[in-house]
Each structure stands twice: as structure tokens, then as C-alpha cells.
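Okay, thanks for making time, everyone.

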Amino acid sequence: MPIITALEPQKRNKDRVNVHLDGEFAFGLSAEVALGLRIGQSLDEEAIAAIQDEEAYERAKKSAFRFLSYRPRSVTEVRQNLLGKEYDPVLVERVIDYLRHNDYLDDEAFAHYWVEQREAFKPRSRFALRQELYQKGVARAVIDQAVEDVNETAAAERAAAKRARRWAHLPYDEFRQKVAGYLQRRGFKYAIVKPVVKKVWQELNNDEQSAP
């Protein structure tokens, strides 16, 4: 049975350790996983496989944290990201369980975050928000709760106000076509779009020129 003869920090990465068995380099490990090892310890094939599984788990966990560092993610987003890096599916679910248990992953919190961000920076209709969250794997019941308080008229007005100034010089018919198309591409229905277009036009023209 192989025996650990040396545990040496790597020269280029002090957070990793080189493991030597019977006087020869065997494999590298993260410092966290290597903490449980000691010189003189015997390792059979099962023990080595368990250590390497733990190392793969730590790598996958760190990969997930990097992915989460850019913005909150849904459970499905993290799962797909890890699977795309060819981590074992069983290991991926272990990472997911760890992240959920420690509140790093929460689809309800994610859905509310997503809606709040859209409301603040890129207003969308409830339909568009539903589609975006559904594509990210969020459950329908969670989506329903996240979008229930969205005021679509107010969201359409904010969306139109951000874009309409670039078309303020156009005749009303062209302005209406541009703004209406912009809002409809964001999922707003015509019943909301029509009065919002008129309101934004009038505000841009200081009420001096009414919309037809």
C-alpha cells in the first residue's frame, strides 16, 4: 500500500500541495483537501479515489463561486455552468446542495433581484420578465410571486422615457412607430403602449404639441 512520503507546497501556487507516494510525485491537491493528510499515512486505491473526488468537489465549488461573483444566479444557471465544464453530475448536485444550504443559491431571492434590476435599468413587461426567468430555470410559482407587483404602465413609461429622446425630432407618426416598436419588443401590450407613447410625446414637447 503506498505511503505518503512528502507533502510540499507548490512553488508557483502556495494554495496547492504536491503529494508524494513512496518517494515519487503522485498528484496535486488544494491545501484544503491536503489538510487531512500526513506524512507516513498509507493510502489504498479507495482512499486515493476518495481524495481525488474531494479535490474535484473543491474545484467545482470554487468554479461555482467565481460564476456567482459576477451577479446572483439561478440554480439552473449554476448547474448548467458546471456541467458545461464537464464536472460529474453527481458532484455538481453536491455543490448545488452546499450552495443552497449556505444561502449562496436561492431562486426566490434571485427572481426578485432579477425583477428589481430590470425595473431599475431595463424595464420589461410581466410577460417578458416571466420568459427571462423561465429560461433561467426558475419555477413558475416563484416567477409569479416575483412579478406580481410589477406596474406595467409605469415600467413602460420608464422604458419609453429612456429611449424616446433620440426620436423626439421626428414627426409624431414616426416617433409613435419607433417608440411603440421598442416597447412591444419588451413585451408590452398595445393597450399599454398606445397611451404611453402619447404621454411621452407630450412630455417631450412640453405639452405644446398634442399627439394626434
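Predicted model: local features only at pLDDT ≥ 70, side-chain atom pairs only at ≥ 80, totals over all residues.

Helix 3, residues 75-84, has the highest confidence, with a mean of 98, while the lowest is in helix 1, residues 31-34, at 90.

Now, how do helix 2 and helix 3 sit against each other? Helix 2 covers residues 45-70, and its axis is 10 Å from that of helix 3, at an angle of about 130°. The two are therefore oblique to each other, and their crossing is right-handed. If you want to find the contact on screen, pick out A60, S63, A64, F67 and L68 on helix 2, and E77, V78, N81 and L82 on helix 3. By class, that contact has six nonpolar residues, two polar and one charged.

Next, helix 5 and helix 6. Helix 6 is residues 126-135, and the two axes lie 11 Å apart at about 135°, which makes helix 5 oblique to helix 6. This crossing is right-handed. Helix 5 brings F110, A111, W114, V115 and R118 to the contact, and helix 6 brings L129, E132 and L133.

On to the aromatics. How many aromatic pairs turn up in the whole structure? The search finds seven. One of them is F65 with Y104: the ring centres are 4.8 Å apart and the planes are at 85°, so we call this pair edge-to-face. What I like here is that the pair links distant parts of the chain, 39 residues apart. F65 is in helix 2, and Y104 is in the loop between helix 4 (89-101) and helix 5 (107-121).

Last bit: the backbone. Most residues other than glycine have a negative phi. D22 has a positive one, near 50°, and D22 lies in the loop between strand 2 (16-21) and strand 3 (24-30). E86 also has a positive phi, near 65°. You'll find E86 in the loop between helix 3 and helix 4.

That's my tour, so over to you.

Key. Residues numbered from 1 in each chain as written. Heavy atoms only, no water. pLDDT = per-residue confidence, 0-100. Helix = DSSP H or I, 4+ residues; strand = E, 2+ residues; numbered from the N terminus. Axes fitted to C-alpha atoms, helices over the stretch in contact; angles between N-to-C directions. Parallel < 35°, antiparallel > 145°, perpendicular 65-115°, else oblique. Left-handed = near helix turned anticlockwise from the far one by under 90°. Contact = heavy atoms within 4.5 Å. Nonpolar A, V, L, I, M, F, W, Y, C, P; charged D, E, K, R; others polar. Phe/Tyr/Trp six-rings, centres within 6.5 Å; stacked < 30°, edge-to-face > 60°.
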